[in-house]
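Please look over the structure shown below with me. I would like to work through some questions about its charged side chains, its strands and its surface, with the reasoning set out for each.

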Amino acid sequence: MLKQEDGLHIEITFNRTGMLGQFDSAHIEDIIVETPLASVVGKKTKTQLQKLWMSFYHGVQQPAGKACYRAKNGDDYEL
């Protein structure tokens, strides 16, 4: 997990046995970028502003949910 200067995050997933990672020399399975607030139409056609995760390899966008990572100092880092 990397944090950009604008406060948004980039996640690089490695998996040597993954669908894409097994063919990549660095074993990168996906690169996912957190987007700034975007307009998303909800269940009852209600427009909401929320952050999305955009996959560069799979081309999929999904709402940013809670995720927990380990910071460099060893503390938990929650998004």
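Q: In this predicted model, which side chain of opposite charge is the nearest to the buried D30, and how far away is that side chain?
A: D30 counts as buried, which means that its relative accessible area is under 20%. A salt bridge would need a side-chain nitrogen of Lys or Arg within 4 Å of a carboxyl oxygen, and D30 has none. The nearest side chain of opposite charge belongs to R16, at a distance of 18 Å.

Q: Which side chain makes a polar contact with the side chain of D30, and at what distance?
A: D30 lies in strand β3, which spans residues 28-34, and, leaving aside residues up to four places away in sequence, it touches E11, I12, T13, S55, F56, Y57 and H58. The side chain of D30 also reaches the backbone nitrogen of Y57 at 3.3 Å. The side-chain partner in the polar contact is S55, at 2.7 Å.

Q: How many salt bridges does a search of the whole structure find, and which side chains meet in a salt bridge at 2.9 Å?
A: Side chains of opposite charge can pair when their charged atoms come close. The search of the whole structure finds one salt bridge. R70 and D76 are both exposed, and their side chains meet N to O at 2.9 Å, so the pair falls within the 4 Å limit for a salt bridge. The count is therefore one, and the side chains are those of R70 and D76.

Q: In what order do the five strands of the open sheet stand, and which strands are at the edges?
A: The open sheet has antiparallel pairing and the order β1-β2-β3-β6-β7. Because β1 (2-3) and β7 each have a single partner strand, one side of each is left without a neighbour in the sheet. The edge strands are therefore β1 and β7.

Q: Which residue in the turn of the hairpin formed by β6 and β7 has a positive phi, and which residue has a positive phi although it is not a glycine?
A: The hairpin formed by β6 and β7 has five residues between its strands, and in this turn G59 has a phi of about 70°. In the loop between β2 (9-14) and β3 lies H27, whose relative accessible area of 25% makes this residue partly exposed; its phi is about 60°. The residue in the turn is G59, and the residue that is not a glycine is H27.

Q: How many helices and strands does the protein chain have, and what share of its accessible surface belongs to carbon and sulfur atoms?
A: Zero helices and nine strands are found in the protein chain, and buried residues make up 22% of its 79 residues. The accessible surface comes to about 6,100 Å². The counts are zero helices and nine strands, and the share belonging to carbon and sulfur atoms is 54%.

Definitions and conventions. Residues numbered from 1 in each chain as written. Predicted model: local features only at pLDDT ≥ 70, side-chain atom pairs only at ≥ 80, totals over all residues. Heavy atoms only, no water. Helix = DSSP H or I, 4+ residues; strand = E, 2+ residues; numbered from the N terminus. Buried < 20%, exposed > 50% of the residue type's maximum accessible area, 1.4 Å probe, protein only. Lys, Arg positive; Asp, Glu negative; His and termini not counted. Polar contact = N/O pair within 3.5 Å; in protein donor to acceptor, adjacent residues only side chain to side chain. Contact = heavy atoms within 4.5 Å. Pairing = 2+ DSSP bridges. Areas by Shrake-Rupley, 256 points an atom, 1.4 Å probe, with all protein chains shown as cover.
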